[in-house]
Structures are given as structure tokens and as C-alpha cells.
Amino acid sequence: MNDPVIRVSGIRKAYGSVVAVDDVSFEVQRGEIFGLVGPNGAGKTTTMECLEGLRAPDRGTISVLGLDPFRAGAALKVRIGVQLQEAQLQKRLKVGEAVRFWASLYASPVDPGVLLEQLGLNEKRNAWFMTLSGGQKQRLFIALALINDPEVVFLDELTTGLDPQARRAIWDLVRGIRERGKTVVLTTHLMEEAERLCDRVAIIEHGRVIDVDTPRGLVARHCPERVVVVATADASARQRFLELSGVEAVDADGASMTIRGRNPGLVADVIQCVSRHGITVTDFHTTVPSLEDVFLRLTGRSIRD
Amino acid sequence: MNGLWQLTWLEIKIFAREPLGLFGTIGVPVLVFVVLGRLMRGAGPASPEAAFVKTGLPVLAAILMATSAVVSLVTIIAIYREGGILKRLRATPLHPATILTAHVLVKLLFTAVTLALLLVAGRRYYAPDTPGEMLRFAAALLFSTCGILSVGFLIASVVPTARFAQPLAGVIFYPMIALSGLFFPIALLPPWLQMMARVMPMTYAVSLLQGVWRGDPIASHLWDVAAIALFGALFTALASRFFKWE
């Protein structure tokens with residue numbers, strides 16, 4: 001898989017004295033869901049809007065589908081789909097009118113009726129934009145982003161402000177976009193969203209890309225330690241766990257033992273050890289590090305701060 | 001200009017769905033016209049009231065029409081910018097100029113509709129004019145509206161939020177109407193106010209409309225036409241230089 005549809009190299013964008021994006025570089029492969037992940041104000045949206053051709057970077061180069069987004073804006077706009085952060089439409093615009101109007105702007109749009117059906121908006125087609133719920137508005141914006149059957153879809157903070165159920169429904173829709181062979185670039189400040197949805201993520205903070213990889217790869221590289229907690233009354237267990245390969249520490253707290261190690265097979269090793277030595281276990285759980293932990297490790301702070 | 005008619009039609013429908021905006025644009029000038037006309041109907045034929053009804057009132061109503069169209073445009077642009085609607089439209093293949101032109105067309109259309117309503121309402125006070133003269137008046141009004149809309153665009157370019165748009169537009173346009181020569185001759189103003197009146201397109205619009213209403217040929221108002229066109233081009237150029245999409 002080496003077929004980049006987007007190449008970003010060394011872009012920088014400042015608003016007055018505030019540097020929003022500073023020397024950002026990454027590539028996005030065809031057919032993947034790529035996430036720009038970081039806290040609010042990290043420079044995700046500015047980066048995204050440079051990719052969409054809505055802003056010109058001060059420095060650096062961008063190629064989307066082989067085109068410079070700002071200079072070849074008109075040629076690119078018909079091949080990409082865009083959902084903007086916190087965008088609105090005319091309050092009294094009907095859902096059906098919006099998709100039909102958007103469809104009229106492109107040479108070969110998809111069928112607006114079919115699209116509304118797929119996004120579950122068919123019964124809302126005569127409703128005014130102002131009467132839609134947050135989730136319905138976002139589904140409409142997804143519909144508008146897909147109306148021209150684009151090759152690349154940009155989704156900026158798609159699920160912000162939605163309840164967990166609506167959020168999950170939107171995730172399924174985004175996976176559906178990938179299944180149609182399209183490339184998706186999204187921004188999110190939700191680590192869980194990035195972890196569940198993205199094939200690869202770029203972690204951004206203070207306008208810089210800190211690292212790029214699959215969520216699993218980032219966790220393996222930056223938070224390789226595994227933690228297994230075993231509750232047992234067996235006093236000999238602690239020594240047996242310490243002898244396992246890759247185990248760095250076993251902290252006993254009453255009957256609960258917390259086993260820490262860097263061996264990716266730690267969990268299996270502990271289970272085997274328990275069964276081989278016939279250790280009586282009353283509770284057992286593992287803690288797997290997440291992107292949240294990666295962010296904390298890389299930046300020294302929690303993304304929610 | 002791909003998408004211009006579709007967007008214009010869409011904006012017409014959206015505007016018509018907002019009862020208050022529709023009343024402000026169409027209702028207010030018609031109401032002012034009918035109420036003032038009735039109040040002054042009893043005056044003797046040689047009184048100043050009768051003279052006002054004969055020539056002042058139609059031009060006042062026309063200027064109100066153009067102004068409410070412009071204030072409404074400034075407000076809509078500000079709301080669209082604040083809500084990110086302009087930005088969302090700019091992410092489509094629509095040409096940026098198309099997005100703004102659609103709004104101008106909507107305003108011109110509603111101005112034309114209001115004028116038609118005024119003609120119906122004014123049949124009682126005015127001898128039926130020849131259709132040719134009314135068409136000339138309509139053309140002069142639409143042309144003047146375009147000129148004044150350019151000032152609206154300049155205001156819309158710099159107004160920070162939708163909340164400020166309407167009061168700011170009012171503060172700018174109502175003094176422009178007061179100084180335009182509609183209520184008293186400009187020559188009676190102190191010199192510095194005369195200067196101000198001369199650099200406002202509203203003044204030339206009033207002069208043009210008054211002349212056309214009196215039955216002057218347009219050729220005798222070429223200076224007004226040229227001034228409106230010049231200011232229109234100047235303010236449009238400034239607006240496009242400073243226009244912010246978000």
C-alpha cells in the first residue's frame with residue numbers, strides 16, 4: 001500500500017503572530033481513513049482547510065490528487081467532498097432542496113434521493129434545516145460531502161456535540177464511505193473516535209505533527225507496557241510472576257497483584273503461568289494502553305486539559 | 001456563473017419563508033406610501049402637502065424600498081458569514097461572485113415586486129401614467145438600488161457580527177436619506193454637509209428618481225447615472241478587496 005493521494009510537506013500557516021500550523025508533513029494513502037488528532041487549537045482545522053483549498057499555507061507544498069488545492073481549486077473541488085467544522089446552512093432551507101442544489105453544481109452527481117435514503121434522511125427531505133437535530137444536520141453535511149461521488153472526503157470534527165448513540169451511527173457511515181473505495185481525512189479531538197475509526201492517525205499538538213502511525217502501532221511504540229491485575233491468596237504467585245520473561249515489576253496490594261511488563265505476550269504468559277502452577281485466582285483483568293495514554297506520554301498532558 | 005439561477009431561486013424561496021423579512025422589504029414601503037397618501041389627500045391642490053404627494057411621496061417610497069433591500073442584504077450576508085454558510089458555499093464549485101450575485105438578484109426582484117404593488121396601491125392618487133414612463137421609473141429605481149447595494153456590500157465586508165449589521169446599516173443609510181435632497185434642497189445645508197451629500201450615491205439616486213418621476217428624459221440626468229455607476233464601481237471594488245468569507 002503505497003499510493004498516496006495526499007502529500008503534505010513542510011506547511012506552515014500563521015495568523016498574525018500566532019503560528020497555527022508549523023512545519024506539518026504527512027501522506028495519506030488511497031482508501032484509508034486518516035485522522036488528524038489533537039486537542040482544540042492544535043492546528044487540525046487549519047491544516048484541513050489548507051488541504052481543501054480554502055486557505056493558502058504561508059510555506060510548504062500540498063498535493064491532493066496531484067493538484068495544488070489553492071491554485072487548482074476549481075479542478076479539485078469537483079473531486080473532493082467537504083464537511084466543515086460548525087458549518088450551518090440557511091435556516092429555512094429544506095433538506096431535499098439542499099441536496100438537489102448541491103447535485104446541480106456537479107457534472108455527474110449521485111442520485112440525491114438514493115443518498116438521502118442511505119443516510120436515513122428521506123423522511124426529513126421537506127424539513128427546514130433549523131428543525132434538524134445535531135445528528136441529522138451532520139448526516140446532511142455528510143450527504144452534501146458525498147453528492148459528487150468524490151475521491152477524497154474531508155470531515156472536520158464530525159461528531160462534536162453528538163450523543164454517544166448518534167456518534168456511533170456516524171462512525172458506521174464513515175466506514176461505509178471507506179468501503180466504497182474513497183479516502184477519508186478527518187479531524188477529531190476524541191481519542192476513542194480516532195482509535196475506533198482511523199486506519200492511521202497523525203497526532204498534532206501546537207501546530208506540529210508529533211507522530212504518524214496506526215493507532216495500534218502508536219500504542220506499541222510509545223506505550224508498550226502491559227498491565228495484568230490478578231487477585232489471589234497464593235503467596236508464592238508473586239515470585240512465579242516475577243520469573244516470567246519481560247515482567248518488570250509485580251506490586252502486591254493485599255490479595256491483588258499488579259504485573260507490569262513490556263512483552264506483548266504478557267497476558268498469555270500470565271494465564272499460562274496461573275494454569276501451570278495451579279494458582280487459585282479470584283479476579284483477573286488487564287489494562288491495555290490506548291491512544292489517550294500515547295498522547296499523555298508524548299505531550300505530558302491529557303488531551304482533555 | 002454555473003449555479004446562479006438555482007441559487008437565486010433557492011434564496012428567493014428561503015427569503016419568502018421568513019414572514020418578518022418579507023414584511024420589512026415589501027410591506028413597509030407600501031404601508032408608508034398608502035398611509036401618508038391618505039393622510040394628505042384632504043389638502044388643497046395648491047398646498048405643500050399636495051405637492052409632496054405628487055412628487056415627494058413616490059420617490060420617498062422608492063428610496064425606502066431600495067434602502068430596506070440594502071439593509072436586508074447586509075444583514076443576510078452577516079448572518080451567512082457568522083453561520084459559516086458563506087464558507088460552506090465557497091467549498092463548492094460555485095464561483096465566489098456567483099454566491100453574492102444571487103443575493104443581488106433576489107433583492108432586485110423583491111424591489112421590482114414592491115414597486116409593482118406600489119403602482120397598484122397608487123392608482124387612486126395618480127393619473128395612470130403611460131406604461132413607458134413607469135418602465136423608465138422602474139429601470140431608474142433598479143439601477144439606483146444596484147448603486148446603493150454596493151455601499152451595502154462595503155458595510156457587509158467590514159461588519160463584524162450579524163448583531164451589528166442591522167443597526168450599523170441603519171445608522172449609515174438613514175442619514176444618507178435625510179441628506180439626499182429628498183426633504184429639503186441640498187443647497188440649504190451647511191457646506192460640510194453639502195460635501196457629504198455629494199459623495200453619497202443616495203443623493204444622485206434621489207435626483208435621478210425625482211427627475212424621471214417629473215417626466216424628464218433620462219438624457220438630462222446622465223450626470224446622476226454616471227455618479228451612481230462610478231460610486232457603484234468604486235464601492236464594489238473596495239468591497240471585493242475587503243470582503244471576508246468567515
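Reader: In which hand does α2(B) pass α3(B)?
Author: This is a predicted model, and in it α2(B) passes α3(B) in a right-handed crossing.

Reader: And what angle do α2 and α3 of chain B pack at?
Author: Helix α2 of chain B, residues 19-39, packs against helix α3 of chain B, residues 48-82, at an angle of about 165 degrees, and their axes are 9 Å apart. Since angles over 145 degrees count as roughly antiparallel, α2(B) is therefore roughly antiparallel to α3(B).

Reader: Which residues meet there?
Author: From α2(B) the contact takes B:G21, B:G24, B:T25, B:V28, B:P29, B:V32, B:F33, B:L36 and B:G37, and these meet B:V53, B:L57, B:A61, B:L64, B:M65, B:S68, B:A69 and B:S72 in α3(B). Sorted by class, the contact of α2(B) with α3(B) has 11 nonpolar and 6 polar residues, with no charged residues.

Reader: Staying in α3, where does B:T75 sit, and is B:T75 buried or exposed?
Author: B:T75 lies in helix α3 of chain B. B:T75 is buried, because 22 other C-beta atoms lie within 10 Å, and 20 or more is the cut-off for that label.

Reader: What is B:T75 in contact with, apart from its sequence neighbours?
Author: Once neighbours within four places in sequence are left aside, B:T75 is in contact with B:A162, B:A165 and B:Q166. As for B:P19, that residue is 56 residues from B:T75 in sequence, with 15 Å between them in space, C-alpha to C-alpha.

Reader: Switching to another pair, how do α6 and α10 of chain B pack?
Author: Helix α6 of chain B, residues 131-158, and helix α10 of chain B, residues 222-242, pack at an angle of about 25 degrees, and their axes are 8 Å apart. Angles under 35 degrees count as roughly parallel, so α6(B) is roughly parallel to α10(B). The crossing of α6(B) and α10(B) is left-handed.

Reader: Which residues make that contact?
Author: On the α6(B) side the residues include B:F143, B:C146, B:G147, B:S150 and B:L154, and on the α10(B) side they include B:I228, B:F231, B:G232, B:F235 and B:F242. The residues of the contact of α6(B) with α10(B) divide into 12 nonpolar and 6 polar, with no charged ones.

Reader: What about B:G215, is it buried or exposed?
Author: B:G215 is exposed, because 11 other C-beta atoms lie within 10 Å, and 12 or fewer is the cut-off for that label. B:G215 lies in the loop between α9 and α10 of chain B. The C-alpha atoms of B:G215 and B:R136 are separated by 9.4 Å, although these residues are 79 residues apart along the chain.

Reader: How many residues of chain B are in contact with chain A?
Author: There are 17 residues of chain B in contact with 20 residues of chain A. Both α1 and α4 of chain B supply at least two residues each to the side of chain B that touches chain A, and α4(B) gives the most, with 4 residues. By class, that side of chain B has 6 nonpolar, 6 polar and 5 charged residues.

Reader: Last topic, what are the confidence scores?
Author: The model scores ipTM 0.85 and pTM 0.86. Chain B averages a pLDDT of 87, and 96% of the residues score at least 70. Among the elements of chain B, the lowest mean pLDDT is that of α2(B), at 82, and the highest is that of α1(B), at 94.

Terms used: Residues are numbered from 1 along each chain as its sequence is written. Chains are lettered from A and ligands numbered from 1 in the order in which they are written. This is a predicted model: local features need pLDDT of at least 70, side-chain atom pairs count only at pLDDT 80 or more; totals for chains, interfaces and linings use all residues. Axes are lines fitted to C-alpha atoms, for helices over the stretch in contact, and angles run from 0 to 180 degrees between N-to-C directions. Angles under 35 degrees count as roughly parallel, over 145 as roughly antiparallel, 65 to 115 as roughly perpendicular and the rest as oblique. A crossing is left-handed if the near helix is turned anticlockwise from the far one by less than a right angle, and right-handed if clockwise. Two residues are in contact if their C-beta atoms, placed from the backbone, lie within 7 Å. Ala, Val, Leu, Ile, Met, Phe, Trp, Tyr, Cys and Pro count as nonpolar, Asp, Glu, Lys and Arg as charged, and the others, Gly among them, as polar. pLDDT is the predictor's confidence in each residue, from 0 to 100.
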